[in-house]
Amino acid sequence: MHIEQASKQELKDLLADLYEEYDKLAELKLALDLTRGKPGAEQVALSDALDGILAGDFRAADGSDVRNYGGIDGLPEAKALFGSVLGTSPEETLVGGNSSLSLMYQVIDFAMNEGLRGEDSAWALNDTVKFLCPVPGYDRHFSICEYMHIEMLAVPMLDSGPDMDQAEAMVKADPDIKGIWCVPRFGNPTGSVYSDDTVERIARLPQIASDNFLVLWDNAYAVHSLYDDAPELASIAGYCRKHDTMDGVFQFGSTSKITFAGAGVAFIGSSERNLSTLKAHLAFQTIGPDKVNQLRHVRLLKDPETLAAHMAKHAALIRPRFEAVLEVLAKELGDTGMGEWTEPKGGYFISFDTRPGLAQEVVDLAGNIGVKLTPAGATFPYGRDEANRNIRLAPTFPSLEDVRASAKAFTVCVKLATVKQELA
Ligand code: PLP
């Protein structure tokens, strides 16, 4: 039944049924959690061979001993492997520690306080520094901005990626805009993949934006497809070469959701010029990254083909969880007008939009019966979703059974909130 076609009496009857269903769920004392965008236990176990894989052979391909200092930009074979993920040459790739988020922080901190092109280029010399933030987006990107007093300007996400007409108009009009966040493939939380045209237009943004503008290209889900025919992402490095804008783009990635979350390796792709400037800056912080872990990763993941085969095993584990959520959403909410959601072909999230004004209530209703959902607003800068609609669902971590139970309980909460609103 579509909510807008229901009579008042039908709605009242439905509300009574929903309260009954909700009360029964409450009695079950559920302890479910759809908030955690992290790999499940079986997924991390796919990389257990990392432990002991070196078997006493600590020599890198060039014969150097990875147990010792040296090589601030990472092992050459790691640069080659992870450069292949980002579409950058080994010279355009830096492999660091365990977290891409910390590399993003370091790049922004450097651009802000020291300047990528010398001290006159430091963003902090401006009274105001602003970033474009496609929404909904990744809360930790927004937290970095908030922490660094970077003003965030929301840009809507379309199916093709950020609304580029709007993004281009904004950077042309406002020289305080110094960056844009992008999660270009299987974005967090929408799962959308930027179209070729969007990738090219983003690669050209540094040409039309003010000086020292940076694209922060967080390709966290670069190889995380759930289906063989999932959409590919055009190479931003390719377009940057075409338009000579490599200096304006920093790409990031990590193996957090390939091997061990928090114990993998993270990498940057950018121009040789940017990397050499950044290396000089990093040299004040570290003598070099953990090359032992980098070598472990190279031995496990070897080459793009082996990496793809490894990712197919992840997909086999999490695809049923995504499909379970989508099945329940379609069965319970399809054609009801009570919500819209994405059907990602990869990544870690499904993005759900309630009718305007209901996200917070749905999260609260779910929380009260033991189903934890990501806080409403978390996917927007400053935690403010003006339409109060978006909820991020993360199905990878719980068991399949729990994912299904959570999704079912979630739909009861969506229905309850929507019918109440319609009757109000
Ligand atoms: N970027 C995005 C878009 C993410 O969703 C996540 C984790 O959820 C990260 C970065 C974190 O990456 P890392 O573990 O490499 O710091």
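Predicted model: local features only at pLDDT ≥ 70, side-chain atom pairs only at ≥ 80, totals over all residues.
User: Thanks! Why is α4 called roughly perpendicular to α9?

Analyst: Helix α4 (residues 100–113) and helix α9 (residues 272–282) pack at an angle of about 95°. Angles of 65 to 115 degrees count as roughly perpendicular, so α4 is roughly perpendicular to α9. Their axes are 11 Å apart.

User: And what makes up the contact of α4 with α9: nonpolar, polar or charged residues?

Analyst: Its residues divide into four nonpolar, three polar and no charged.

User: What makes Phe410 stand out in the largest nonpolar core?

Analyst: That core has 80 residues, and Phe410 is among those that touch the most other members, along with Trp217, Leu373 and Leu393. Helix α13 (residues 400–423) gives the most to this core, with 11 residues. Leaving aside residues up to four places away in sequence, Phe410 touches Leu329, Phe352, Val362, Leu373, Ile391 and Leu393.

User: Which members does the second, separate core include?

Analyst: Among its 32 residues are Phe110, Trp181, Phe252 and Leu275.

User: How do you know that domain 1 and domain 2 touch each other?

Analyst: Happy to show you! The domain assignment gives domain 1 (3–43 + 309–423) and domain 2 (55–302). With heavy atoms within 4.5 Å as the test, 27 residues of domain 1 are in contact with 29 residues of domain 2. The C-alpha centres of the two domains lie 31 Å apart.

Key
Residues numbered from 1 in each chain as written. Heavy atoms only, no water. Axes fitted to C-alpha atoms, helices over the stretch in contact; angles between N-to-C directions. Helix = DSSP H or I, 4+ residues; strand = E, 2+ residues; numbered from the N terminus. Parallel < 35°, antiparallel > 145°, perpendicular 65-115°, else oblique. Nonpolar A, V, L, I, M, F, W, Y, C, P; charged D, E, K, R; others polar. Core = buried A, V, L, I, M, F, W, Y, C linked by side-chain atoms within 4.5 Å. Buried < 20%, exposed > 50% of the residue type's maximum accessible area, 1.4 Å probe, protein only. Domains from an automatic or database assignment.
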